Amino acid sequence: MSQHHDPEALNTPVFEADEPDESTRIPLQIEDWLTVIVMGLLALITFANVIARYFTDQSFAWTEEFSVFLMIVLALVAGSASVARNRQIRIEYFADSGSEKRQRALARFGALMVFVLFALIAVLSVRVVWDDFRFGETSPGIGIPQWWYTIWLPVFSTAIAGRALGLFIRRGRQP
Amino acid sequence: MIATLLFVAFVVMMLLGVPIGAALGLAGAACIALANPEAQWFGLLAVPQNFYAGLGKYPLLAIPMFVLVGSIFDRSGVAQRLVNFAIAIVGRGPGMLPMVAILVAMFLGGISGSGPANAAAVGAVMIAAMSRAGYPAAFSASVVGAAAATDILIPPSVAFIVYSVLVPGASVPALFAAGMVPGVLAGIALIVPTVWMARKHKMGAHESSLPRPLFWQSLREASWGLAAPILILGGMRAGWFTPTEAAVVAVFYGLFVGMVIHRTIRVRDLFVILRESGELSAVILLVVSLAGIFAFSLSTLGVIDPVTNAIVNSGLGEYGVLALLILMLITVGMFLDGVSIFLIFVPLLWPIVQHYQWDPVWFGVILTLKVALGQFTPPLAVNLMVSCRIAGVRMEDTVRWVGWMLFSMFLVMVAVIAWPDLATWLPRYLGY
C-alpha cells in the first residue's frame, strides 16, 4: 500500500461497540454458534439459488420455504441471545435515568414482562404443534409434516423465557 | 373500553422501558383474552399463530441479508477509499471534509440498508480525520449522524422493506426507486447548513494545509466500492435479482473485496460479523413478529374504523390531517425507533391513507423521511448514539449543531408533500 501520499492510513481499526458479556449459567456460545450457522446457511442457500437460476434457468422452489423457516429460527435463537444481553429495542429515556435502585427495578420489570410473554407463547404453541400433529398438516411448499417446523416454536420460546428469567435474577443481585 | 386498556397498557409498559416487542405482544394478548371470554382458552391460540405468521414472510428475509451487507461493508475498508476519492474531487478547504462525510454516507447508503451501520462505517473514518483537521468532535458527530440518516431513503433500505411487508400496494422496487430523489435531496439539504456552519465558525483551520490525494490513484483504489451500488441497484433494475438476492450478491461481493482485495477482513472476523448481524436482525424481526399480535388484536377489536372516522370527519381537511399526523409522528419519533414506528402506526394510519386515496408509495417515502429525521433528533437518535460514541462526546453537545440540519431536511419533507412527483416520478418512469 502506498502510504506516503495517502492522507489517511487505509486500514483504520474497525469500530467495536462490544462490551464483555455478563457471565451466564448456560453459556451464550450456544446461541452464538447457532446464529452464525443459520446466518451463514441463509446467505449460502440464497446465493446458490441465484447461481443455479443463472446457469440452469431453474430455481429451487423448496428453498423458499426452508429459508423462511431458517429466518424464524434466526429470530428466535439470536433473539434469545439479545434478551440475555439486554439489547432489545426499548425506550431508554426514563428507564435509564434516576436512582440506581429505580433503574434496577425497571430493568427487572422489563425482563419479567419478556419472561411472561414468551412463557405464554411457549405454553400456547404446544397446542398449535399438537393440532398440526393431530390433523396431519403438511407444509405448503415441500409437503413435509408442518409440526417439524412448528415444534421449534415452544422449544426456542422456552429458551427466550429462560434467558429473560436469567436477566431478571442477575439484575436482582447486589452489584 | 378494551381498546383504551390496550393503549394505556402498551404506552405505560413502553415508557417504563419494557422492550417494545414485549409491550406489543403482551398488550395484544391481554386484549385478545378480554375480548373472547367465552372462547376456548380465551382465543389466545391466536397469539402463537400470529407470532409465527408475522415472521413467516419471504420478503422479510431481505432484512437479515441487508443488515449483513452493512456489517461486512463496515469492515471492508471501502469507506476509507471512498473518502480519499471524494477529497481528491472536492479538494481541501474550509467545510470540505464535512461535505465529504455527507457524500460518502450517501454513497454507502446505496450499499447498506440501515442508518446506524452507515454511521459506524463513516464515523470510524471521518470523525478522526475531521478532528485532525480541527473540527470540534461534537460537530463531527452531528454531521456523521445526520448524514447516515440519508441511508434509509437511498435504496436499498431496511425501512422500505418493512413498510412493503405491511402495505400490500407498495412493492419493494417501487419504494426503492421512490426513495432515490428525496434521498439525494436530503443529502444536499444537509450539505448546505453544514458547509455554512463550518465557514461561519471558522472550523477546520488545518484542513487546507493537509495533502490532497492523487485523483487517478484514489479513483483506482475506490473503484471496488464505487462498483458496489451499480451491482446492487443495477442488478435489481435489470431484473437479475430480487431485493433479497441483490443483498446476498452484495454480501459475497463485500466479502471478496474485504478479504481478497483490501484484506481488512480475516477469516475469524466472519464469526463476529455473522453473530452481530444475526443478533441485530433478530432484534428487528422479533419486534416485527410481536407487532403481528398487536395488529391482530387491533383488527379484531375493530377500533381503527371509529378512530379513522373521527379523524376524517374532524373538519381539518386533507392537509390538516397530514400536518397533524406528521406533528404526532415527530413527537413519537423522539422516543421510538423507525421500525417500531412503522409497525405500530402503519396499521393504524392505513385506513386514513385509503380514505384520502394517498399514493401508498408516496406515503411510505414521507414516513421514511420522518423516520430519517428521528434518527438524528435527540434524545433518542440511533445514529447520533453511534457517532457520539465514536467521537467520545455526549449527545447533549450535538444539539447546537443538529438543529439547522434537522430544519433543512424537514424542508425536503415539506417539498415531497407539496410536490409528490419528487417521490413518484422515478418509480413511474421505471415502470414499477
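Analyst: Let us begin with burial: a residue counts as buried under 20% relative accessible area, as exposed over 50%, and as partly exposed in between, using a 1.4 Å probe and protein chains only. With a relative accessible area of 4%, C388(B) is therefore buried, and C31(B) also counts as buried because its relative accessibility is 1%. This is a predicted model, in which local features need pLDDT of at least 70 and side-chain atom pairs count only at pLDDT 80 or more, while totals for chains, interfaces and linings use all residues. Residues are numbered from 1 along each chain as its sequence is written, and chains are lettered from A in the order in which they are written.

User: What is the average pLDDT of chain A?

Analyst: The pLDDT is the predictor's confidence in each residue, from 0 to 100; chain A averages 83, and 85% of its residues score at least 70. Over residues 1-17 of chain A, however, the pLDDT is below 50. Where pLDDT is low, the predicted coordinates should not be read in detail.

User: At what angle do helix α9 and helix α10 of chain B pack?

Analyst: Helices are DSSP runs (H or I, at least four residues), numbered from the N terminus, and angles run from 0 to 180 degrees between N-to-C directions, with axes fitted to C-alpha atoms over the stretch in contact. Helix α9 (residues 158-166) and helix α10 (residues 172-200) of chain B pack at about 135 degrees, with their axes 9 Å apart. That makes α9(B) oblique to α10(B), because angles under 35 degrees count as roughly parallel, over 145 as roughly antiparallel, 65 to 115 as roughly perpendicular and the rest as oblique.

User: Which residues of α9(B) meet α10(B)?

Analyst: Contact means heavy atoms within 4.5 Å; F160(B), I161(B), Y163(B) and S164(B) in α9(B) meet V172(B), L175(B), F176(B) and G179(B) in α10(B).

Methods. Heavy atoms only, no water. Helix = DSSP H or I, 4+ residues; strand = E, 2+ residues; numbered from the N terminus.
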